[in-house]
Amino acid sequence: LVVRGGKAAKVGLEAASHLDEAVDAARVVAEAASHADEAADALRAANITKANIVADLSAGTTQSRRIAQAMEEGKIGVNILGEEMFEKAYRFRGGSGNISAVDAFAYKQHIYLRQSRSDIFRDAVHEGTHALDYVSGFKGSVAQWEKRAYFYERQFQLYKGRFTEFRTLGDILRHIKLYY
């Protein structure tokens with residue numbers, strides 16, 4: 001801002017000061033909204049039921065609709081668990097390693113979901129794909145199982161307009177190569 005004259009410069013500085021205050025206030029409002037969104041997500045997660053998951057997946061991709069139908073028909077078991085029960089189920093089913101790195105898991109035709117997850121629906125598609133593959137008798141390497149699950153998870157996220165963990169399919173392949 002270039003201004004000539006003392007009074008105009010003072011008015012310009014006062015306006016800039018008010019603008020900084022307005023920007024700071026907007027940041028505070030945005031931060032509060034972000035925390036409100038997080039709180040709403042946590043509340044929603046605490047009240048998630050199998051029916052909620054079936055409803056969300058039913059309004060998604062072809063794969064998520066298959067998973068929802070299998071859940072409704074009892075072909076896929078759905079377990080939505082709090083932290084302590086999730087950890088116990090994971091260990092009981094043979095899981096090992098860092099439990100905090102595990103968002104959800106499938107064991108045969110059953111899926112186990114952390115109640116506290118903000119996108120439990122994404123987890124349901126990933127683990128539901130594993131459960132469907134188990135039920136259908138899919139044979140393949142761990143990498144093949146994970147490629148299918150991550151592909152359908154990402155497809156669901158894109159369809160729903162939700163955040164995608166992986167920008168590209170290449171990112172998925174690199175992740176699988178590193179961690180599986």
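Modeller: Ground rule before we start: a residue is buried under 20% relative accessible area, exposed over 50%, and partly exposed in between (1.4 Å probe, protein chains only).

Biologist: Where does that leave Asp-171, buried or partly exposed?

Modeller: Partly exposed, with a relative accessible area of 21%. Keep in mind that this is a predicted model, where local features need pLDDT of at least 70, side-chain atom pairs need 80 or more, and totals for chains, interfaces and linings use all residues. Numbering runs from 1 along each chain as its sequence is written, and side-chain values use heavy atoms, without hydrogens or water.

Biologist: Fine. Which residue does Asp-171 meet in a salt bridge?

Modeller: Arg-174, at 2.6 Å from N to O. A salt bridge here is a side-chain nitrogen of Lys or Arg within 4 Å of a carboxyl oxygen of Asp or Glu.

Biologist: How many salt bridges does the count come to?

Modeller: The count is 13. One of them pairs Glu-83 with Arg-114, at 2.3 Å from N to O.

Biologist: Why does that pair tie together parts of the chain?

Modeller: Because Glu-83 lies in helix H4 (residues 83–92) and Arg-114 in strand S3 (residues 110–114), parts that are 31 residues apart in sequence. Glu-83 is partly exposed, at 34% relative accessibility. Arg-114 is buried, at 6%.

Biologist: What about Arg-148? Which residue is its salt-bridge partner?

Modeller: Asp-133, with the closest N and O atoms 2.8 Å apart. That pair also links distant parts of the chain. Arg-148 is in helix H6, residues 142–160, and Asp-133 is in helix H5, residues 120–136. The two are 15 residues apart. Asp-133 is buried, at 2%, while Arg-148 is partly exposed, at 27%.

Biologist: Switching to helices. At what angle do H6 and H7 cross?

Modeller: Roughly 145 degrees, with the axes coming within 10 Å. Axes are lines fitted to C-alpha atoms, for helices over the stretch in contact, and angles run from 0 to 180 degrees between N-to-C directions.

Biologist: Which residues of H6 and H7 make the contact?

Modeller: From H6, Ala-143, Glu-146, Lys-147, Tyr-150, Phe-151 and Arg-154. From H7, Leu-169, Ile-172, Leu-173, His-175 and Ile-176. Contact means heavy atoms within 4.5 Å.

Biologist: Where does Tyr-180 lie?

Modeller: In the segment after H7, 30 residues from Tyr-150 in helix H6. Tyr-150 is buried, at 8%. Tyr-180 is partly exposed, at 46%.

Biologist: And Phe-151? Which residue pairs with that ring?

Modeller: Tyr-152, edge-to-face again, at 5.3 Å centre to centre and 75 degrees between the planes. Phe-151 is partly exposed, at 34%, and Tyr-152 is buried, at 17%.

Biologist: Last one. Which residues form one aromatic cluster?

Modeller: Phe-86, Tyr-90, Phe-105 and Tyr-112.

Methods:
Helices (H or I, at least four residues) and strands (E, at least two) are DSSP runs, numbered from the N terminus. Rings of Phe, Tyr and Trp (its six-membered ring) pair if their centres lie within 6.5 Å; planes under 30 degrees apart count as stacked, over 60 as edge-to-face and the rest as tilted.
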